[in-house]
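Colleague: I would like to learn how to read a protein model, one feature at a time. Where shall we begin?

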Amino acid sequence: MFEGFIDYLSALKLGIIGTDAIILNSVSNVNKAIPHLRDYKAIHCYLDNDVAGKIALGQLTKRFGTKVIDRSTLYSGFNDLNEYLTTSFTNNQNLQL
């Protein structure tokens, strides 16, 4: 699950996603995604490292428990996955998570 489409594209570039993805386009859409998440064994969340992202992660964790995996720790120090990618790319850093 991604907060925005650009973060999803960043994940594609980094090669870190599976076959399915939900793009919220805003964390205010978390409740709309919930019915689509019921049958998943794991829900990998690439949400922003900000208050809104943490609130959305909390809502998902409250609903689905340990099925929710917070992947934002992979790009800690950055607001989102795209910021990680663009900063790493411009600084010629290794782009592996």
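This is a predicted model: local features need pLDDT of at least 70, side-chain atom pairs count only at pLDDT 80 or more; totals for chains, interfaces and linings use all residues.

Colleague: Which residues lie nearest the centre of the largest pocket?

Modeller: They are M1, D20, A21, A42 and H44, out of 15 residues that line the largest pocket.

Colleague: Next, the fold. How many helices and strands does the protein have?

Modeller: There are four helices and two strands. Read from the N terminus, the order of elements is α-α-β-α-β-α.

Colleague: What does the radius of gyration say about the overall form?

Modeller: The value is compared with what a compact globule of the given chain length would have. For 97 residues that is near 13 Å, and the protein has 13 Å, so the two agree. The box filled by the C-alpha atoms, taken along the principal axes, is roughly 40 × 30 × 20 Å.

Colleague: What share of contacts joins residues at least 24 apart?

Modeller: Take the contacts between residues at least 6 apart in sequence: 55% of them join residues at least 24 apart.

Colleague: Now the surface. What percentage of the residues counts as buried?

Modeller: A residue is called buried when its relative accessible area is under 20%, and exposed when it is over 50%. Of the 97 residues here, 36% are buried. The protein exposes about 5,800 Å², and 52% of this comes from carbon and sulfur atoms.

Colleague: Is S72 buried or exposed?

Modeller: S72 counts as buried because its relative accessibility is 2%. S72 sits in the loop between β2 (68-70) and α4. Leaving out residues up to four places away in sequence, S72 touches C45, L47, N49 and K54.

Colleague: And N25, buried or exposed?

Modeller: N25 has 58% relative accessibility, so N25 counts as exposed. N25 belongs to the loop between α1 (5-14) and α2 (30-37). The phi angle of N25 is near 65 degrees, which is a positive value in a residue other than glycine.

Colleague: Why is R63 called partly exposed?

Modeller: Partly exposed covers the range between the two cut-offs. R63 has a relative accessible area of 46%, so R63 falls in that class. R63 is part of helix α3, residues 51-64.

Colleague: What is the separation between Y84 and I34?

Modeller: Y84 and I34 are 50 residues apart along the chain, with 27 Å between their C-alpha atoms. Y84 lies in helix α4, residues 81-90, and is buried, with a relative accessible area of 8%.

Colleague: How far apart are R63 and I17?

Modeller: Their C-alpha atoms are separated by 23 Å, and the two residues are 46 apart along the chain.

Conventions: Residues are numbered from 1 along each chain as its sequence is written. Side-chain values use heavy atoms; hydrogens and water are left out. On a 1 Å grid over the protein atoms alone, a cavity is a set of points where a 1.4 Å probe fits but cannot get out, and a pocket is an open set with protein on both sides within 12 Å along at least five of seven lines; lining residues have an atom within 4 Å of a point. The radius of gyration is taken over C-alpha atoms; the globule rule is 2.2 Å times the number of residues to the power 0.38. Buried means under 20% relative accessible area, exposed over 50%, partly exposed in between (1.4 Å probe, protein chains only). Contact means heavy atoms within 4.5 Å. Accessible areas come from the Shrake-Rupley method with a 1.4 Å probe; for residues, only the protein chains shown count as cover.
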